[in-house]
Amino acid sequence: MEIILQETAAEASVIAAKIIARLVREKPNAVLGLATGSTPLGLYRELIRLHQEEGLDFSQVTTFNLDEYIGVAGDHPCSYRLFMMENLFSGLNLPASQIHIPDGLAEDIPAHCEAYEEAIRAAGGIDLQVLGIGSDGHLGFNEPTSSLASRTRIKTLTEETRQDNARFFERVADVPHHCITMGMGTILESRVCLMLAFGANKAAAVSQAIEGPVSAMMPASALQLHPRVHVLLDAEASTKLTRKDYYQYVYDNKPTWQRY
Ligand code: PGA
């Protein structure tokens, strides 16, 4: 696992965008797994800038989002589909047919989840998965005790997650209780994982995920089993790590060809 420590979320987001830009230049038809929430906003702004100012071409890229609320239509202000349209896709040249987001109104949820997994396979698998982390350690909406082998399916949100996400809704009561999320097994099959975490609210989960035991109680700790993970942190999210000096040393001494 590569831990990259930056002072601010903005600096970390620029590095995350460079990692994605390098992939898209090397493999123009890359398959990207994408996340919602506050965390990737700076990354998405930077990708839009790279597209608009430096010509980074997304015309052959395919995307799969991690999750969506159940019972929320794709044009609802709190839907993750609308979030992605407003915060990323509207600024890129990515054809709509290459965008995949679980459908929160799917009538047959198990069949929809199976079809989502099949679409990922048919696209050749996810080359790079962008991840945030919940304050309870979730990845996507894989809440604590999620099977580490799980696939795309329905999940029930923890009360902590509902409270965390209430800021996007008018009232806490409006936050759905259920969602569709890629599973931990789905996420771990991505060729590269890129996890971002910013702010003091994430520090405890970050330290347990990186330096704690692998446990379904802390789903993000399963990234320790993945061979290619980049973690990008701001100063506040890294305060509880015990090996910070080592992570910084590794980063400062990267061979030139590995630098971003
Ligand atoms: P946030 O959410 O980016 O809004 O903090 C992250 C997550 O819940 O995975």
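This is a predicted model: local features need pLDDT of at least 70, side-chain atom pairs count only at pLDDT 80 or more; totals for chains, interfaces and linings use all residues.
Glycine 124 follows helix α4 and has a positive phi, near 95 degrees.

Next, select helix α4 itself, residues 109–122. At 1.5 Å a residue, its 14 residues should span 20 Å, and the end C-alpha atoms are 20 Å apart, which agrees.

Go to the N-terminal end of α4 and show the side chain of aspartate 108, which caps this end. One of its side-chain oxygens lies 3.1 Å from the backbone nitrogen of alanine 111.

Which residues of α4 are buried? Select Ile109, His112, Cys113, Tyr116, Glu117 and Ile120. These residues cover an arc of only 140 degrees around the axis, which puts them on the same side of α4. An α-helix has 3.6 residues a turn, so residues three or four places apart point the same way. Turn to the other side of α4 to find Pro110, Glu114, Arg121 and Ala122, which are exposed.

Now look at what covers the buried residues of α4: the cover includes α6 (184–188) and the strands β3 (62–65), β5 (99–100), β7 (153–156) and β8 (178–181).

Two of these strands lead on to the sheet. Select β3 and β5, which run parallel and are joined by 2 bridges. Isoleucine 99 in β5 is the bridge partner of threonine 63.

Finally, show the whole open sheet: 7 strands in the order β1-β10-β9-β6-β2-β3-β5, with parallel pairing. At the edges stand β1 (2–5) and β5, each with a single partner strand, so one side of each is left without a neighbour in the sheet.

Notes: Residues are numbered from 1 along each chain as its sequence is written. Side-chain values use heavy atoms; hydrogens and water are left out. Helices (H or I, at least four residues) and strands (E, at least two) are DSSP runs, numbered from the N terminus. The expected span of a helix is 1.5 Å times one less than its number of residues. Buried means under 20% relative accessible area, exposed over 50%, partly exposed in between (1.4 Å probe, protein chains only). The arc is that of the directions from the helix axis to the C-beta atoms. Contact means heavy atoms within 4.5 Å. A polar contact is a pair of N or O atoms within 3.5 Å; within protein, one must be able to donate a hydrogen and the other to accept it, and residues adjacent in sequence count only if both atoms are side-chain atoms. Two strands pair if DSSP finds at least two bridges between them.
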